[in-house]
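Here is a short report on one chain.

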Amino acid sequence: LGRNSWPLSAIRRMADLFLELAEGRKRSAGHEARWLNLCGLCLRPGLGYPGDDFRIEQVRRVFAGGLTFSSQVQCEIDWWIYWGRVAGGFNRNQQIDLFQRGAQILLPKLPKGGKPAKPVRVNSSLLREMWRTACSLELLPLQTKSELGDTLARRVKSGDYRDSELWCL
């Protein structure tokens with residue numbers, strides 16, 4: 001079967017095993033990237049199946065511990081994909097907490113002097129996944145969603161956008 005046809009009971013049982021073995025992701029950058037990818041696939045969309053509340057509690061421990069191989073771009077990309085997949089199971093405060101991890105990149109603030117700071121350079125694939133994750137956070141405050149939409153709209157108007165950002169709008 002294609003991965004979208006896997007029975008939910010089977011992927012949740014696999015997710016339980018991945019969560020049980022979460023410390024194994026710290027062996028190498030490759031292990032972490034695969035763990036994030038496969039565990040996230042098995043947890044999507046993060047809610048609606050018996051036991052998902054408990055799984056989200058376990059996932060939050062991974063979130064609190066952070067990314068082990070944060071200097072590896074692929075791990076960073078898979079980190080944001082993972083959270084986009086499971087964020088539907090987060091409550092409002094948890095979604096705000098998740099958003100705040102990437103807010104300074106997605107919504108850079110002007111410094112006190114009013115002059116824009118030099119933009120932080122971010123890998124384009126990483127930025128795409130950060131935007132996708134942010135747009136999956138349905139419980140963010142309306143003001144934050146508006147800021148995100150306004151930022152994307154400005155990028156589209158200026159011609160500085162990717163097709164994936166249109167999907168986010």
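## Terms and surface patch

Buried means under 20% relative accessible area, exposed over 50%, and partly exposed in between (1.4 Å probe, protein chains only). L1 has 82% relative accessibility, so L1 counts as exposed. This residue sits in the segment before α1 (8-20). Helices (H or I, at least four residues) and strands (E, at least two) are DSSP runs, numbered from the N terminus.

The model is predicted: local features need pLDDT of at least 70, side-chain atom pairs count only at pLDDT 80 or more, and totals for chains, interfaces and linings use all residues. Residues are numbered from 1 along each chain as its sequence is written, and side-chain values use heavy atoms, with hydrogens and water left out.

L1, W6 and M14 make a nonpolar surface patch of about 330 Å². Patches take residues with over 30% relative accessible area and no salt bridge; like charges are joined within 9 Å, nonpolar side chains (Val, Leu, Ile, Met, Phe, Trp, Tyr) within 5 Å. Accessible areas come from the Shrake-Rupley method with a 1.4 Å probe; for residues, only the protein chains shown count as cover.

## Salt bridges

A salt bridge is a side-chain nitrogen of Lys or Arg within 4 Å of a carboxyl oxygen of Asp or Glu. The count by this rule is 9 salt bridges. One of them pairs D52 with R12, N to O at 2.8 Å. This pair links distant parts of the chain: D52 is in helix α3 (residues 52-65), R12 is in helix α1, and they are 40 residues apart. D52 is buried because its relative accessibility is 3%. R12 is buried too, at 1%.

R25 and E32 also meet in a salt bridge, at 2.3 Å from N to O. R25 counts as buried at 4% relative accessibility, and E32 counts as buried at 0%. Salt bridges that share partners join R12, D16, D52 and R55 into one network.

K26 is partly exposed, at 38%. Their side chains form a salt bridge of 3.3 Å, N to O.

## Overall fold

The chain has 8 helices and 0 strands. Along the sequence the pattern reads α-α-α-α-α-α-α-α. The radius of gyration is 17 Å, close to the 15 Å that the globule rule gives for 169 residues, so the chain is as compact as a globular protein of that length. That radius is taken over C-alpha atoms; the globule rule is 2.2 Å times the number of residues to the power 0.38. Along its principal axes the C-alpha trace spans about 50 × 30 × 30 Å.

Buried residues make up 37% of the 169 residues. The chain exposes about 10,100 Å², and carbon and sulfur atoms supply 53% of that area. Among contacts (heavy atoms within 4.5 Å) between residues at least 6 apart in sequence, 70% join residues at least 24 apart.

## Cysteines

A disulfide is a covalent bond between the sulfur atoms of two cysteines. The cut-off here is a pair of cysteine sulfur atoms within 2.5 Å. The structure holds 0 disulfides. C39 is in none; its nearest cysteine sulfur, that of C42, is 6.8 Å away. C39 is buried, with a relative accessible area of 0%.

C75 is buried, with a relative accessible area of 1%.
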